[in-house]
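Please keep the sequence and the structure at hand while reading.

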Amino acid sequence: MKRFISLILICTLISFILISCKSNDTANNANGNTDTNQNAENQQSTEADTTTEKLEPDLPAEDYGGYTFTFFAHKIDYAGDWVGDGDPREITAQIDDSTGQEVETGDPINDAVYKRNSAIEEKYNINIKMVTNSDDTGTLKKAVNAGDSTYDAAVIFNNLVPAVVTADLLVNVDNLPYVDLSKPWWDPAVNAMSIDHKQYLMAGDLLILDNEATNALLFNKDLMANLGLDLPYQLVKDGKWTMDAMNNMIKGSAADLNGDGQMGVDDRWGFCVYNDTLHALLVSGGGALAVKDANDLPYMDFTSQQNLAILDKVTNLMYNPDYVFNVSGLDYTTYLPMFEENRLLFLWARMRVVGFFRGMESNFGIIPLPKSDESQENYRSVVNPYTGVLLGVPKSADNLERVSIILEALSAESRYTLQPAYYDVTLQRKYARDNESQEMLDIIFNSRIYDIGAVYSFGNVFLDFITLSKTYNKDFVSYYEKKSGAMQAAIDKVVATFQSMQ
């Protein structure tokens, strides 16, 4: 009987172990299936991202027999806070001195340019070259007047655009048969730069300096946390990031850190503004120095009732010396370290400046400049009228059909090579510190604005606005009354020039 009972107990124990193992196997299989399904979903998502149908330009197949397609570009001889020192990096990749050929270096932008150029060079049997000179206007004028077809396209700084365009040096975009400005690789914001329904300028995915000239706000997340402030991301998402909201955040954020009884470069500030901030905030609030009428002709607009109301909010935000630090006249090497050292809550900047903080220990975020109020429909991010670039075709260029095919092909290919490298790798992965900043970049770059009144600076209005902001001058109406004659004369001259051009 004892043996029989022991046998029953042993069998029961074995059965229990088997059932337990089966349950564990079932659980493990269930977990394994969940992981497998999740991996499959992730893979499917990844495949969907990488297999999104590429939009191809509608272009003919051509063989240009080894033709050298030459860009003329600005040679940068100034290393400031808004641009790197040297040649533009979006046209050609680094050149190997021994072979004279473009090479990959491991830098995301360089290698994207290399891959883009290689693809187009092979497709059309061409070579892509860049020639640079700091005298944009003089070089192009000399080439056009001499009928020199060396340059197929030109990359021109925004502040030199008026001289180049009004000298009748560029081809009307309507005469470039294969350039389709309705395609997503061209920036529709440049439509603001046409006059008399004539457009000589382009921008889009072929360029990155227009991105880097776009205005934004940087904020120090660590300092914001220390001050007990909520991050402004949700306000931006909800459409509530306004000048009043920003003003409420910067009040009380300043501090006399060195205890000398005076606020200066060694102290803490709520907002750091510079020469161009007044104009940038005017535009972000829904205004502009000049707009165009139904006939596509510009007129000065900054003293309209709407714009004066915007300027009142702008000056209330940036004209308070108790917590706003106006660094006009200071070198960028003086005030940018203040942001790194947690002594600036908000910093007005062009996107190029973000790269200066790649090694910054404290966390920072990127957001658009504020709206005037919540009734404003969209955020507006102005492309700086000095530091951006635009693309044109010199009138002396030979074979406009070929020029337009290559420009369209390069721009389309840049959408899938250069722009991801700049936007995703350089900004989102290297510089932006959080997912929210990545979302903010979408808002900033999708809300770009060109102000024709600032680019052409009719009657010196853009530079005068800088002077007004330096002296905290709010009397915009008196300024306009004094300068309106000069502004109108400048507009009339430009309009007459456009009307005489083809």
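The model is predicted.

**Helix packing**

| Helix pair | Angle | Axis separation |
|---|---|---|
| α9 (residues 277–284) and α10 | about 130° | 9 Å |
| α8 (residues 243–250) and α10 (residues 305–318) | about 10° | 10 Å |
| α2 (residues 108–124) and α13 | about 165° | 8 Å |

Helix α9 packs on α10 at an angle of about 130°. On the α9 side the contact involves Thr277, Leu278, Leu281 and Leu282, which meet Asn307, Ile310, Leu311, Val314, Thr315, Leu317 and Met318 of α10. By class, this contact of α9 with α10 holds eight nonpolar residues, three polar ones and no charged ones.

Helix α10 also packs with α8, at an angle of about 10° and with the axes 10 Å apart. The value makes α8 roughly parallel to α10, and the crossing is left-handed. Met243, Asp244, Met246, Asn247 and Ile250 of α8 form the contact with Lys313, Val314, Asn316 and Leu317 of α10. Five nonpolar, two polar and two charged residues make up this contact of α8 with α10. Val314 and Leu317 of α10 are listed in the contact with α8 and also in the contact with α9.

The remaining pair is α2 and α13, with an angle of about 165° and axes 8 Å apart. That makes α2 roughly antiparallel to α13. The α2 helix passes α13 in a right-handed crossing. From α2, the residues Pro108, Ile109, Ala112, Val113 and Arg116 meet Leu418, Ala421, Tyr422, Val425, Thr426 and Lys430 of α13. Sorted by class, the contact of α2 with α13 has eight nonpolar, one polar and two charged residues.

**The largest pocket**

Helix α13 takes part in the pocket as well: which helix gives the most to the lining of the largest pocket? Helix α13 does, with seven residues. Together with α13 (418–431), helices α5 (209–212) and α14 (435–445) each supply at least two residues of that lining.

The largest pocket holds about 800 Å³ of space. Its lining consists of 24 residues, and the closest to the pocket centre are Asp205, Arg415, Gln419, Tyr423 and Asn446. By class, the lining of the largest pocket has twelve nonpolar, four polar and eight charged residues.

Terms used:
Residues are numbered from 1 along each chain as its sequence is written. This is a predicted model: local features need pLDDT of at least 70, side-chain atom pairs count only at pLDDT 80 or more; totals for chains, interfaces and linings use all residues. Side-chain values use heavy atoms; hydrogens and water are left out. Axes are lines fitted to C-alpha atoms, for helices over the stretch in contact, and angles run from 0 to 180 degrees between N-to-C directions. Helices (H or I, at least four residues) and strands (E, at least two) are DSSP runs, numbered from the N terminus. Angles under 35 degrees count as roughly parallel, over 145 as roughly antiparallel, 65 to 115 as roughly perpendicular and the rest as oblique. A crossing is left-handed if the near helix is turned anticlockwise from the far one by less than a right angle, and right-handed if clockwise. Contact means heavy atoms within 4.5 Å. Ala, Val, Leu, Ile, Met, Phe, Trp, Tyr, Cys and Pro count as nonpolar, Asp, Glu, Lys and Arg as charged, and the others, Gly among them, as polar. On a 1 Å grid over the protein atoms alone, a cavity is a set of points where a 1.4 Å probe fits but cannot get out, and a pocket is an open set with protein on both sides within 12 Å along at least five of seven lines; lining residues have an atom within 4 Å of a point. Grid points are joined across faces, edges and corners, and a volume is the space filled by probe spheres set on the points.
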